[in-house]
Amino acid sequence: MTSLTPDHIAQLASRLYSESPGGHGAGLGGGPLPPVDPAADSMAREQVQAPATPLPPETLPAFDSPIFQSQAPAVAPVASAAPVEAFRGPTEFGSQFGGHAPSFGAGSSPSPSGFPATSSGGSQTDGLRAFVQSIRRSDFRSSTEAFPNGEPKSTSAPTAASATTNHAPGNSRPAAPQFPTFDPAPYPRDDAANGYGARPLDVDAVRRDFPILHQRVHGRPLVWLDNAATTQKPQSVIDALSYFYEHDNSNIHRGAHTLAGRATEGFEQARDKVRDFLGASSSKEIVFVRGTTEAINLVAQTWGRKFLQPDDEIVLSTLEHHANIVPWQLILKETGARLRVIPVNDRGEIILEEYQKILGPRTKLVALAHASNSIGTLLPIAEMTQMAKRYGARVLIDGAQTVAHVPVNVQQLGSDFYVFSGHKIFGPTGIGVLQAREELLDIMPPWQGGGSMIKNVTFEDTTYADPPAKFEAGTPNIADAVGLGAALDYVRQFGLPNIAQYEHELLAYATEALSRINGLRLIGTAREKVGVLSFVLQDRPTIEVGRLLDLEGIAVRAGHHCSQPSLRRFGLEATVRPSLAFYNKKDEIDRLADAIRRIQRR
Ligand SMILES: Cc1ncc(COP(=O)(O)O)c(C=O)c1O
């Protein structure tokens, strides 16, 4: 049994968690559908009135073989007026995912203690983990008895090396008689017991995991086809959040009490899960932020402000979300650096020859969406990263639209920054990730100042904590990080290659179904896509189409999708955008197609 003296508690507290609680996270927004923008929609109408080019049947994805193979990416130029080609085969497909066999567990085999061997190892984190593990080593009920007045009895300091943890189901958490216990724990703690890819992808069973899908909207069963905007949450994520608040809620990294330990452990385990999920080399590379937008702003404001010089160039693609445009514009104004934009062809594919021409010694950063949120193009990020690296440029990949749909391994990809939002991968809103190479985080200045990100503060000067703490000022979004960890566990059960394969079958089905509708113009017919199907309907404003679909119980996004330059490339201000996830089914696509036909007849 572990027992601690008051002195020891005080020592631990001052060494590891010497700060008082800091600020709080931002709240959430939301609201009704935006009003119809007549200007935007009349433009969309004008565009579709031009004779719609029928989609050649060869453009439909043919996805009938294992797709993820370890292949070095081949840089294959894409002609602007490229002849129609079949959907790429397996080896080329691999290049979109980092040119690798996906591996959630790269470099992360769980240690006997249940913590991966490559865990973050920061002094605060290690110290707290050792402390948490020392508590777990003892029987919790006994240890409670040992502290009847809150006074510890042990005199020996726990160390990470000496700590062991029993992670067997039912032993890893204290009994909580006043609340129903979960068995197994709602956020699994042992990777080996939750091996990824172990659960067959039975879509009906998947759907049962998502309570929100089983409701009627306007009297019709809900069809959720707004997954590019946000994904729905499985019960395990909902349970993890409520379990955290019912049992473990505490501030983290600063209290020497049991709940602080549990909350810290949940938060840091979530960080480890993200590291595994991205194949990052260390948990020190994982910074928790609010989402993709905040992650890109962080990089722009820290790395960008420090390293960009006048006449340096930042290269973006035409397909970027505003979150990967505006933060750069803000910093360019301060630094005198410039933006260069890679064009796309009429399918919405990157023109690699043009990209090659843009790259040069002035290129400091290439920042790319892994997939376009407005038209679904999957960018050849492996080739594009390699090309950028020839000029010594840094590469940032915005994974908001791929994280739930295609696997990635940042080490194999060779990128410098990878960012995503938890809510796009069945996790909570308000939590997201910046993954960055450790050596970059070391030299980047902090972004926000406050609690948790310091080593020592005097009125004269402050020294900063090591990454990732350096970039996590104030009280972080603890519960939602735990929820994100649960979401990654959920996805891992099926394995992203299986999810990607299923979604591509669904995409092929949907592409064909929509392309058979007269007067419907599909926008974005890239040969490599995620499940985003943007379209406009002849003589129908997009917002009106969105609202009419809603009346049929079908949720899609209608508007500019926060990616105006990408739609303007196709002469449009807005599209209707159904987007898929692996809980969608072909009969929902049929319902969408039928509803569109009814709208056309109105
Ligand atoms: C490609 C892309 N980047 C960035 C974002 C912004 O994500 P968030 O609003 O979660 O920060 C989105 C959201 O749709 C997106 O699709």
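Gly291, Thr292, Thr293, His321, Ala323, Asn324, Ala369, Asn373, Asp398, Ala400, Gln401 and Ser421 surround the ligand. The model is predicted. Two members of this shell, Ala369 and Asp398, lie in strands described below: strand 7 covers residues 363-369, and strand 8 covers residues 394-398.

**Ligand shell**
- Sorted by class, the residues around the ligand are eight polar, three nonpolar and one charged.

**Chain overall**
- The chain has 602 residues, of which 51% are buried.
- Its secondary structure consists of 19 helices and 17 strands.
- Of the contacts between residues at least 6 apart in sequence, 77% join residues at least 24 apart.

**Strand 7 and its neighbours**
- On one side of the pairing list stands strand 5 (residues 313-317), which is parallel to strand 7 and joined to it by four bridges.
- Within that pair, Val315 has Val366 of strand 7 as its bridge partner.
- Strand 8 also runs parallel to strand 7, with five bridges between the two.
- Here Val366 is bridged to Val395 in strand 8.

- Helix 12, residues 381-389, forms a β-α-β unit together with strand 7 and strand 8, and the unit is right-handed.

How values were computed:
Residues are numbered from 1 along each chain as its sequence is written. This is a predicted model: local features need pLDDT of at least 70, side-chain atom pairs count only at pLDDT 80 or more; totals for chains, interfaces and linings use all residues. A residue is near a molecule or strand if its C-beta atom, placed from the backbone, lies within 6 Å of it. Ala, Val, Leu, Ile, Met, Phe, Trp, Tyr, Cys and Pro count as nonpolar, Asp, Glu, Lys and Arg as charged, and the others, Gly among them, as polar. A residue is buried if 20 or more other C-beta atoms lie within 10 Å of its own, exposed if 12 or fewer, and partly exposed in between; C-beta atoms are placed from the backbone. Two residues are in contact if their C-beta atoms, placed from the backbone, lie within 7 Å. Two strands pair if DSSP finds at least two bridges between them. A crossover is right-handed if, with the strands pointing away from the viewer, the path from the first strand over the helix to the second runs clockwise.
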